[in-house]
Amino acid sequence: MKYKKLFSPVKVGSITLKNRFAMAPMGPLGLADANGGWNQRGIDYYVERAKGGTGLIITGVTFFDQVVEKQDPSTVPNPLYKPVNFVKTSREMTERVHAYGSKIFLQLSGGFGRVTIPTNVGDIPPIAPSPIPHRWLDKICREISVDEIHAIVRQFGEAAFHAKRAGFDGVQIHAIHEGYLMDQFAISMFNQRTDEYGGSLENRLRFAKEVVEEIKKRCGQDFPVTLRFSVKSMIKDWRVGALPGEEFEEKGRDTEEGLEAAKLLESYGYDALDTDVGTYDAWWWNHPPMYQEKGLYRKYCKMVKEVVNIPVFCAGRMDDPDMALDALENGVCDVIDLGRPLLADPDYCNKLRSGRQGEIRPCISCQEGCMGRVAEYSLINCAVNPQAARERFTAYEPVLHPKKILIVGGGVAGCEAARVLATRGHKPEVFEKGSSLGGNLIPGGAPEFKEDDIALADWYTRELDRLNVPVHLNTALTKEDVLKSEFNTLIIATGSTPKVFSLGDDEHVYTASQVLLKEKDCGSTTVVVGGGLVGCETALWLAQHGKKVTIVEALDKIMAVNGPLCHANKDMLEALLPFNGIDILTSAKVTGYADGNLTVSTEDGEKQIPCDSVILSVGYKEENSLYQELEFEVPEIYLLGDAKKVSNIMYAIWDAFEVANHI
């Protein structure tokens, strides 16, 4: 078996993991009850990943501080708010996880400090090692006292003690990582103290040293304590992060100091380093969008691996099993972290182990269901897997009386509906007017950085074939075709069409889809009209292929409407555009195109932009004409996806799942 080494055991401190895969910690927003314990959603969520074969489950961050930086106990679990309730609810989870041969660590946080979520700050000044600017707000943080540091350290020990009582196999400390409070102490840019917690690297790591010593004292030397660790900060300046390939002066922790820190942390007693790079000032590194390369932490993990003797964990878009295997074989790391890939498919490990790699549902790094919903709604979910963190409430409902269901449209909504219906026992049949399944995933996945969109379209194709769903490509159905078919239920998922308008010389005016699919050649210079997500990604792709691109947006900023929910994606894309030489005109409207010149009306008057072509990316309109023709002709009819309302991929999939699971 090619991937056998990925399923070999490995020791972390005193325990042995059955394989080399760990579930990376992701904020467990929405998984806590009102008393600081786990709700049933949270228990089911982690157990499902253990059932799927993951060797180690690392929970998302849990807070415990009841003294210095109090957190809402109903947001994420809190082992010190009501310890009896925490232990009681945790026991159900840890015992069920252990039934599948998996281990489980509780991630404990030392606090936010200067990166506190703005809605949590209120009128109370946020804390930090020194009086430094807050990451998000125009506030100066309050310097934490030595007594407060000692209080947090003491509470770390108490929280770990209750975690051990609750059946957790170890804890992970959060962390010298991403610019959270303990990391702020470790980074000289943030730590300007002159006492024993400031100055030298050893002093700046004193907080982390005291934490592991306190936990080992309370829980025993054989209780594993790992650390989330960022070896390099990627900070250009306050609130300004660096981009991949950019030359810059590191203002945070550079690699050389990071490697010294790694050796010290090992000497303090940490049993493993869960390694990445970045901070909240450069947070597209810690939460990598699709614009980051896969396996982006590997070279940094290898550096750490070469200077320590404890296990090194490596995350960062490591879902390619060939890449994971290579990382183990070439001494990059000892354990592969899977975060978002296990949201997308909790059975990743079992599918890979049993030779069913093609059945693994891919993560597309959109971050709409995970980071986006965490930030906006305090809920962790997944755009491509509607069951993530909702396992019990979205369980498949088997059918007693199978129906024949006709689905018009083979985009993501039609494919998801067909997949769910077939899984439950119905008999769906898909009719798609194009030559392949996937709908807007196909043009959307044209840029190299969107390769996982194509992977998702291919996955749907394989799944429908595996489930024996008849698929008819190059088949456009009319009202008459539908009415003479034999079916019980009709689903219309006919998608959307790009909005277009005339600019005069329309021979060289194309849609983004036409250019992405290479149906049209935009020439060497082009203007993208529309600064939404599609327009910006199209512009970036063209610029990366040597085209001179200008974006013209009518609103006062790009991605103002229907942009990605996750700010890490949006912020990185906004930074990449000028970095790749793309000019951006906002509060501007195009009025005509003739003789190779685009006329643009701006606040400063009319402007001419020479260009070989114009690319329209001004949105999509619902294509629901077939539904309108059949609405009063068919007893059971549903409208799904962009045909219902133009939106993002998440709602196309989620709505399709909801409807298909209840027919």
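This is a predicted model: local features need pLDDT of at least 70, side-chain atom pairs count only at pLDDT 80 or more; totals for chains, interfaces and linings use all residues.

Helix α1 covers residues 40-51 and helix α2 covers residues 83-99, and the two pack with their axes 9 Å apart, at an angle of about 15 degrees. Because that angle is under 35 degrees, α1 counts as roughly parallel to α2.

Next, show the side chains where the two helices meet. On the α1 side, select Gln40, Gly42, Ile43, Asp44, Tyr46, Val47 and Ala50, and on the α2 side select Thr89, Glu92, Met93, Arg96 and Val97, which are the residues that these α1 residues meet. If you colour this contact of α1 with α2 by residue class, six residues are nonpolar, three are polar and three are charged.

Now zoom out and select the whole chain, in which there are 22 helices and 29 strands. Its radius of gyration is 26 Å, close to the 26 Å that the globule rule gives for 663 residues, so the chain is as compact as a globular protein of that length.

Finally, colour the chain by accessibility, where 60% of the 663 residues count as buried. If you draw the contacts in the chain with a separation of 6 or more, residues 24 or more positions apart account for 70% of them.

Notes. Residues are numbered from 1 along each chain as its sequence is written. Side-chain values use heavy atoms; hydrogens and water are left out. Axes are lines fitted to C-alpha atoms, for helices over the stretch in contact, and angles run from 0 to 180 degrees between N-to-C directions. Helices (H or I, at least four residues) and strands (E, at least two) are DSSP runs, numbered from the N terminus. Angles under 35 degrees count as roughly parallel, over 145 as roughly antiparallel, 65 to 115 as roughly perpendicular and the rest as oblique. Contact means heavy atoms within 4.5 Å. Ala, Val, Leu, Ile, Met, Phe, Trp, Tyr, Cys and Pro count as nonpolar, Asp, Glu, Lys and Arg as charged, and the others, Gly among them, as polar. The radius of gyration is taken over C-alpha atoms; the globule rule is 2.2 Å times the number of residues to the power 0.38. Buried means under 20% relative accessible area, exposed over 50%, partly exposed in between (1.4 Å probe, protein chains only).
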